[in-house]
Structure formats: structure tokens, C-alpha cells
Amino acid sequence: METFIKDIRYGVRSLLKRRGFTSIAVLTLALGIGACTAIFSVVDGVLLRSLPYPEAERLVELREVNAKGGPISFAEPNFLDVHARSRTLEGVAEYSGGTATIIGGGEPARALTFRVSGDFFRVLGTQPFLGRTFALEESKPGGAPVMVISYDFWRRVLGGKSDLTGTTLRISDKVLTVVGVMPPGLGFPQNAEVWIPREMSVPETSRSAHNWHVVARVLPAITIEQARAEVSTIGKQLKQEHGKEMDAVDFALIPQQEYMVGNVRGALMMILVAVGFLLLVACANVANLLLAQVTARQREFAVRSALGATRLHLARQFITENLLVTLAAGALGVLLSFWGVDLLIGLNRQGLPRVNEIGVDVRAIAFTLGLCLLVAVVLGLVPLLRFSTRDLEGSLRETGQGRSGQAGQRLRSLLVVAQMALTLILLVAAGLVGKSFYRLLRIDPGFRTESAVAMELNLPRISSTEKQYQDFMQAYQRLKEHGIAPETTVQLGAEEERQRVFQEQSLDQLGQLPGVSAVGTISLLPLRGDGPDGTFFIDNNPAKSGSADFRLASADYFAAMGIPVLRGELSIGAISPTRHLPLSSASQWLGSIGQTKTQSDKQFSSETWTETCVCCTSWEWWVTCTIVELMPPLVPRSTLIACNGRHHPAWP
């Protein structure tokens, strides 16, 4: 230990004498180490760290598989069958939701709110921080309206009060009692803040309405492969039993962490490799600087060797000096990594899963320390290679004669070649990424964002009765089996009419503001994630059917977004309380299932395409429409139908 302390003191004095070299080396390594620490923090939080649930490796996500082999969400009747038939799953739960406005905790708050089935928290295996989860009677139809909230929501909205007795909050037209607070860090799914019983809503009976996600826990004695095989068997059995009523052909089982990570794994690993190359380039730069310093100090090393210093002692001194440099660089790199992590999250907050678990913590600092030690050892061995092929007496003679020796020159040349090779790899990779990004920028999305401003308006959801839902399903069955069209008029209720008037007045007032050229509304903006989809029939003919994503939009939405009309014209006015619901646009084409087809990306045939009756159906939307114009696709190869109208009265 005493010898090590002497080496440290000598190293500090030596580095202070060479402040220029020390500063450049510390800054160069700090950039590389800081970048590695930042990306490791993201990789660790997203990929390496296990999910914050007991025995998280047994948590899985279930997905339906359509005829094309693509994964889709679950229909509730299929979920109920899996729940009843599975013998390899300890628990199965469904969940679905989105952002909602919550009133009652002071100012109105926006929060991710999810409807979950009764076994949801038992499947996750998490106990509440305060209070309780849903009681058995609350997870049945007609149960008391209750809610469980997250720790952060509890602190932010309720001020962290410990007594929840009598605490109520309002979501849309429902007043719910807060019965529990989940522990810090629990935000499943998608950083959820509020959970309410699924049984508060009308049950669904359609096997083609894919509105639910399903999470499950595998039994301890069962492997993932065994559970996957059983779930797949159940899916195929259900398809045989229900035929055309069920559009899924199979069920898939995915480990929960793998499902949450999705396509992010490849991108993160690519960035990690690129940052590793960046650190190697930084080390090569510092190694070249070290060789220059060794050349300047070789007489010192030769004299010390002549006085009895062994090669091991010199190696220890080299490593000590480089350890001091890398530790200083590591400390500066950790400071830089905090900014780097914030930058990485800010660039893709919505696309990164488990964002609340990403940060520079003890694991990241331990990684940085290990990285510093490795770099110090590698850089400490570089000067020894300078003397590996010749004796130090020869070094002393060459120093006296003013020569540097061929061995040092060869080593420096080798480092330069390695540095150039690594730099070339980084430049090629950066060029390819830049080219891809340039091509991405040149893609025409079909709309214009210049001078466009978006705001979100969340009006209370109007609940329906079970009778309305059953009437809706009966009308859907009549249409599908007998081609009997549903009613084409909508009689709005009092609350619906009030919301319609509010929306019209809001649009009128916004349109009168100075500088505003167009104002429109849509149920979901482009490129904002998954939206509602459903089956549509052409001319009420089930044989001419297809599936499409769809949005409800006002006519001026297309002008506000700068979406051009390819064929036809916009001639849609306001929706009256009992007006026929027109289909305002069909993005992309209906292909072989309709009267229109394409000759190129934006060339449509001259065949009759106006006044084509289309019915878009799913469990929550029913719109009978008429095509009045064709619009360009918002995204290549997408299919979108936007309707100007209200929902059917049977909408739940």
C-alpha cells in the first residue's frame, strides 16, 4: 500500500508538470466515457434491468394473430375463453385505456387511465403502497365505482394525504372512490396513473373487436414454451368453433419484457456499438499522446531502469498515472452522462419503454468505474510496448544520440492505422444513418405541418347502456348475415347535442382569430400511434368487406392540415341532430374489394367511385357513409377512412 501511495504521489506530480497533455487526455476520454455511460444507462433501464415485479420472468403478454400472421389486440370473448380454459397460466387479465381528464383534486389533471379486469394486480404480483386494490364485488358488473392511483399521481393531485377515506375523483360523468395507491415505480402499462375496474363498462360480445391487451403470469412449474403451445392450441380451437365470427387464426405468447422492448432493442444495441467505437477512437488518440510523452521521457525511464527499476515497477507506474487520468475523465464523463441521458430520452420519449426506470444510478456509476479501470490498464500497457523489443541500455544510448528508435515509430504507425480504421467505420455508419434520415425527411406524409398548431380537447365520454350495445350487435349481425342496412340517421341525445354545439362554437371562434386560415378536428392526429379500426362493407355486401383504420374528422381538418384532394370535392357541412353520415375521404384505395383501384401511387382509375355506400363497423363505431372524395395516404401503404359525423346511438 505504501508503494502504491508513492506511485500516486509521483503520478500526480508528473501529470501536473504536463498540464497540456493531462487536460487533452482527460477531455478526450471524458467524451467517450460519458457517451458510453449515457447509452449504458438507457440500455440498462430498458433491456438489462428486470421488470419491477415479483418473478417478472413469468409475466407474459398474449396477442391474437390474424390470417396474415400479424399480431393484433384481443377481443374480450376470446380473452374470457383463454381465462377459462388455460391450465398453464396462474392468472390472466385484460387492460385498455388512454388519457383522461380527472377532476376533484384541485385543478383538473390529465392522466393515463386504464380499465383493468379483476385479476390485474394479482397477475402483476404487486401490493398497494396505501389502501387496497379492487375487492371481488367491485370487479363484477354493477360493482361500486372505485379507482386505484399511482404513487406519483397521489403526490401530485392528492398532495400525498395518508387518509383516503371519502376521497373521490370524477372521470367524465362518473364519480369514483379512491381505494388504493400503488408503490413508487409501478406504471404498468405505459406509465399508467389511474386504474379502474373493467366491469364498470358494458361487456363486449364481438370476437372481431380487438380492443384489449392481455397480460398473464405463467405457473411456476411451467415453461414459457409449454404455456405458448397451450395458448396457441386454445386459439386454434376457438377459430374452429366460431369460424367467420372470429378473424384471429391463432394466439401468441410473448415474454412481457420482450413485448415491452419491441423494436427498440436493435436500435439501442446499434447505438451502444457505435459509442463503443467512439471510445476506442478516443483511447487511440490518448495512446498516441502517451507514446509522444514516452518518447520525451525515455531517458528518464532508461535511467530509472539502470538504477534498478524493474519492468513490473515501470508498468505499475504507467498504470497508476493513467488510472488518475481515466478517473478524472470518468468523473467528468458521469457529469456529462446526466445531460446525455436527458437528451436521449427527450429525442424519443414516446418511443422508449420504461422511461421512468432510465437514469444514471449506482449501476451506471459502477459500469463507469469498471470502464475507467479497463482503459487505465490498456493505456498503461501501451508505453511498455515501446520497450518490448529492445533493452533499456540501448534506449539510453539512442536518447543520448538524439534518436527515437524504430520500435516506437512502428508502434505509433500501428496506432495511427487502427485509429484511422475505427474512424472510417464510424464515418461510414454515420453516413448511412444520415442518408436514411435524409430519405425519411423527403417522404411526403400527405399533410403539411408548417404553421399548424394542434391542441387536445377531451370532452366527457357519454356512456351507453347494455341494451344499446345489444341493439348495435343485433343490427351488425343482420347486416353481416342478410345484408340488411342499419338506419342511416342519428338522433343525438341531450348531452351529445350539447357537446356538438360546444364543438361548433369553439371552431367558429377559433376560425375568427387573426391569422387563422382553417380550423378542423379529428379523433386522432396522424402518426400518433394505434387508433380504432374495424370492418367495412361496400354497398352493404358482406362479400365485399375489408378492414381499415378510421378517424372521425370535420371537413375543414383537411384544409388545416394541408391535405390535398386527389379526386372529387369537399362539400361537407355541419352535422345536424338527424343527418345522414357521409364518408368524407378514403385514403389510399379500396383495391379489389371495391370499385376503385390504382394505376400508380397517386393515380386512380376512372371507374365510378362516387356515392359508394360503405359501412364501417366495430364494437364502438358504427358509421354509414358515402365516399365524396379520395385523399392521398397519410403514410405509405396505409389505409385510412375519415368520417365527418357522430357515432351511432348504440355506441357504448
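Buried means under 20% relative accessible area, exposed means over 50%, and partly exposed falls in between (1.4 Å probe, protein chains only). This is a predicted model: local features need pLDDT of at least 70, side-chain atom pairs count only at pLDDT 80 or more, and totals for chains, interfaces and linings use all residues. Residues are numbered from 1 along each chain as its sequence is written, and side-chain values use heavy atoms, without hydrogens and water.

**Overview. The chain holds 15 helices and 21 strands.**
Helices (H or I, at least four residues) and strands (E, at least two) are DSSP runs, numbered from the N terminus. The chain has 652 residues, and 45% of them are buried. Take the contacts (heavy atoms within 4.5 Å) with a separation of 6 or more: 78% of them join residues 24 or more positions apart. Accessible areas come from the Shrake-Rupley method with a 1.4 Å probe; for residues, only the protein chains shown count as cover.

**View A. Glu76 and Arg198 form a salt bridge.**
A salt bridge is a side-chain nitrogen of Lys or Arg within 4 Å of a carboxyl oxygen of Asp or Glu. By this rule the chain has 15. In the Glu76–Arg198 pair, the closest N and O atoms are 2.3 Å apart. Glu76 belongs to helix α3 (residues 76-85) and Arg198 to the loop between β9 (194-197) and β10 (213-218), so the pair ties together parts 122 residues apart in sequence. Glu76 is buried, at 4% relative accessible area. Arg198 is buried too, at 4%.

**View B. Arg198 also meets Glu94 in a salt bridge.**
Here the N to O distance is 3.5 Å. Glu94 sits in strand β3 (residues 89-103) and Arg198 in the loop between β9 and β10, so this pair ties together parts 104 residues apart in sequence. Both residues are buried.

**View C. Helix α3 has a set of buried residues.**
They are Glu76, Pro77, Asn78, Phe79, Asp81 and Val82. What do the buried residues of α3 pack against? Their partners are β1, β3, β10, α6 (224-242) and β11 (250-255).

**View D. Helix α14 has buried residues along one face.**
The helix (residues 494-511) has 18 residues. From first C-alpha to last, α14 reaches 26 Å, close to the 26 Å expected at 1.5 Å a residue. The expected span is 1.5 Å times one less than the number of residues. Glu496, Gln499, Arg500 and Leu507 are buried in α14. Seen down the helix axis, the buried residues fall within an arc of 105 degrees, so they line one face. The arc is that of the directions from the helix axis to the C-beta atoms. On the other side of α14, Ala494, Arg498 and Gln509 are exposed.

**View E. Glu504 and Arg500 form a salt bridge within α14.**
The closest N and O atoms are 2.8 Å apart. Glu504 is partly exposed, at 28% relative accessibility. Arg500 is buried, at 14%.

**View F. Asp44, Arg49, Asp361 and Arg363 are linked.**
The link is a network of salt bridges.

**View G. A nonpolar patch on the surface includes Phe437.**
Phe437, Leu440, Leu441 and Ile443 form the patch, with about 430 Å² of accessible area together. Patches are made of residues with over 30% relative accessible area and no salt bridge; like charges are joined within 9 Å, and nonpolar side chains (Val, Leu, Ile, Met, Phe, Trp, Tyr) within 5 Å. Phe437 lies in helix α12 (residues 406-442).

Most residues other than glycine have a negative phi, and most peptide bonds are trans. Which peptide bond is cis, with omega near -5 degrees? The bond runs from Phe188 to Pro189. Pro189 is in the loop between β8 (174-181) and β9. Glu55, not a glycine, has a positive phi, near 45 degrees. Its loop lies between α2 (19-48) and β1 (59-65). Glu55 is partly exposed, at 45% relative accessibility. Ser451 is not a glycine either, yet its phi is positive, about 65 degrees. Ser451 is in the loop between α12 and α13 (466-482). Is Ser451 buried or exposed? Ser451 is exposed, with a relative accessible area of 80%.
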